[in-house]
Amino acid sequence: MWLGGRWWLPFLVQGCFNLRSLSFARIWGGRRGPMEETLSTGAEAASEVRAPAQQNGDAGGDAKAERPPVCPKPAGQEVELAPRDREQATGNEELATAAAPSPGKRKKLRGTTRERVVPPPKKRRAGVSFGDEHFAETSYYFEGGLRKVQPYYFDFRTYCKGRWVGHSLLHVFSTEFRAQPLAYYEAAVRAGRLHLNEEPVQDLNIVLKDNDFLRNTVHRHEPPVTAEPIRLLAENEDVVVVDKPSSIPVHPCGRFRHNTVIFILGKEHQLKELHPLHRLDRLTSGVLMFAKTASVSERIHEQVRDRQLEKEYICRVEGEFPAEEVTCKEPILVVSYKVGVCRVDTRGKPCETVFQRLSYNGHSSVVRCRPLTGRTHQIRVHLQFLGHPILNDPIYNSVAWGPSRGRGGHIPKTDEELLRDLVAEHQAKQSLDVLDLCESDLSPGLKNSTVSSSELGKDCLEDLAASTQKMDGVVETASQDLNTMALAPGNAAETDVINQEIDPLCAECRLVRQDPLPQDLVMFLHALRYKGPGFEYFSPMPTWAQDDWQED
């Protein structure tokens with residue numbers, strides 16, 4: 001009779017619901033157990049550098065076809081506090097969406113009578129959801145052939161990561177955010193810059209709970225980019241096609257936000273909610289396509305997956321490239337997603353590029369490139385392997401690769417040594433932005449170069465020593481000032497956040513950086529043509545690709 005009465009039915013339904021919830025939690029990137037955790041620990045993350053946000057390659061030739069473009073999220077949802085959590089962000093936000101209580105409910109802390117309000121996460125929209133409120137955060141100014149961004153205040157937001165649960169904010173900052181001294185976070189608390197569930201943090205010893213929401217207000221500086229305008233090549237009801245100048249990232253990444261194609265098009269051309277159809281390296285110029293709707297984006301991505309698109313690039317390389325057509329099929333391996341470096345290796349992914357020399361001026365050659373696959377930095381890596389790297393490629397034509405500069409895949413050092421040497425070279429030149437890094441991203445392991453003095457040269461070594469000494473001085477001065485603020489909370493609490501030019505808590509404000517020359521922001525690789533079913537777009541041939549062009 002009990003079975004006939006179906007007394008068990010409510011429990012069965014509840015059990016199915018719980019199992020379904022568990023299933024969705026795992027699908028959307030919920031907190032995993034020790035056996036499922038595939039990311040490195042917080043301590044390991046602190047010894048690494050952050051992942052370059054625009055590890056995107058040169059579209060078909062240097063694009064990551066295995067990773068289709070992911071549209072950036074709006075300001076209220078897009079950013080994490082930890083650099084190494086970028087790939088977890090979407091999953092954690094979706095999980096929070098399912099788990100968060102409704103706006104009218106409150107979540108009680110266990111073992112205490114105090115209630116902590118957990119706000120519901122904002123719903124994500126498809127596409128690139130940047131609007132006027134984001135574009136109004138700051139403004140541009142132009143100086144010395146460069147587009148610059150006025151420093152501004154910005155909120156980094158995140159939900160509590162699974163590994164943070166049960167730990168204090170002090171522990172999280174000391175293990176995962178060591179780019180700033182603890183004195184900075186203490187001063188930030190007194191200045192009201194840190195919020196937990198939209199309430200000001202009063203004590204860094206507060207223990208984090210699952211689904212807690214953190215907001216950290218920082219003073220943000222962006223590197224300059226070329227002042228060359230973004231030219232519209234075509235626009236219709238489906239797509240926008242532009243000629244992207246070198247040095248400008250496609251979308252917000254790393255230290256770049258307003259100095260990106262997405263923001264410049266929104267602020268200066270009123271083109272908003274665009275979906276990137278492919279990507280170009282920050283230093284690569286040329287044809288760049290955006291869809292205006294999600295349906296058009298999906299249709300063209302389907303064409304990409306079916307290999308229906310033809311892509312053609314132009315570049316200028318070292319030496320006399322062979323006159324006959326050359327096909328390179330060497331597999332490419334990613335050495336580091338964090339630094340953004342690849343090389344030829346038998347363990348890499350298969351790829352193919354067809355090259356044809358167009359001209360030779362006695363020193364360098366103009367070469368047409370047709371990538372038949374889409375791997376990270378494919379064109380650049382294949383040209384390096386062939387012994388004809390791009391003339392001014394700051395990564396693959398570097399002395400850090402050894403005397404042969406990677407020709408034939410010969411690299412007389414380990415991957416770790418290669419990464420350290422690349423970082424040391426660009427740190428000496430104050431050009432870490434090429435690697436999408438800044439000084440605060442560097443761990444001690446990446447600062448110890450293995451490049452010999454003869455390879456780097458006396459001037460480079462002197463620049464490296466001066467750069468390191470300058471940065472150490474800035475950090476030491478900032479730490480002393482922050483300790484003073486920590487002892488005088490009134491000073492920090494009364495900080496005038498209306499004046500965005502200079503911030504008393506910002507170490508970057510104390511550092512005077514040398515501006516790059518506009519010509520240093522150009523790499524001789526250009527996306528010349530994109531063709532697909534029913535469309536074909538060209539961009540003008542760059543000056544450096546002309547037959548009569550000569551090096552300075």
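## Aromatic clusters

Ring pairs tie Trp-164, Phe-173, Phe-177, Tyr-184 and Tyr-185 together into a cluster. This is a predicted model, where local features need pLDDT of at least 70, side-chain atom pairs count only at pLDDT 80 or more, and totals for chains, interfaces and linings use all residues. Residues are numbered from 1 along each chain as its sequence is written, and side-chain values use heavy atoms, with hydrogens and water left out.

In total, the structure has 15 aromatic pairs. To pair, rings of Phe, Tyr and Trp (its six-membered ring) need centres within 6.5 Å; planes under 30 degrees apart count as stacked, over 60 as edge-to-face and the rest as tilted. Trp-164 and Phe-177 have ring centres 6.1 Å apart and planes at 70 degrees, so this pair is edge-to-face. It links distant parts of the chain, 13 residues apart: Trp-164 is in the loop between β5 (152–159) and α6 (169–176), while Phe-177 is in the loop between α6 and α7 (182–190). Helices (H or I, at least four residues) and strands (E, at least two) are DSSP runs, numbered from the N terminus.

Are Trp-164 and Phe-177 buried or exposed? Both are buried, with buried meaning under 20% relative accessible area, exposed over 50% and partly exposed in between (1.4 Å probe, protein chains only). Phe-535 and Tyr-537 make a stacked pair, 5.7 Å centre to centre with 25 degrees between the planes. Phe-535 is buried at a relative accessible area of 15%, and Tyr-537 is buried at 14%.

## Charges over Tyr-140

Tyr-140 has the charged end of Arg-147 over its ring, 4.7 Å from the centre. The charged end of Lys-267 also sits over the ring of Tyr-140, 4.9 Å from its centre. The test here is NZ of Lys or CZ of Arg within 6 Å of the ring centre and within 35 degrees of the ring normal.

## Strand β13 and its partners

Strand β13 (residues 285–291) has seven of its seven residues buried, so it is largely enclosed by the rest of the structure. Strands pair if DSSP finds at least two bridges between them. β13 runs antiparallel to strand β11 (residues 239–244), with six bridges joining them; Val-242 has Leu-288 as its bridge partner in β13.

Strand β12 (residues 275–276) is also antiparallel to β13, over two bridges, and here His-275 partners Ala-291. Strand β20 (residues 525–532) runs parallel to β13, again over two bridges. In that pairing, Ser-285 has His-526 as its bridge partner.

## Helix α11

Helix α11 (residues 415–428) has 14 residues and spans 20 Å from its first C-alpha to its last, close to the 20 Å expected at 1.5 Å a residue. That expected span is 1.5 Å times one less than the number of residues. Ten of the 14 residues are buried, so α11 is largely enclosed by the rest of the structure. Among them are Leu-418, Leu-422, Val-423 and His-426.

## How confident is the predictor?

The pLDDT (the predictor's confidence in each residue, from 0 to 100) averages 75 over the protein, and 64% of the residues score at least 70. Confidence is lowest in helix α4 (residues 89–99), with a mean of 36, and highest in strand β15 (residues 326–328), at 98.

Residues 1–113 have pLDDT below 50, and this stretch has 237 contacts in the model beyond near neighbours in sequence. Contact means heavy atoms within 4.5 Å. Residues 485–498 stay under 50 too, with 19 contacts beyond four places in sequence.
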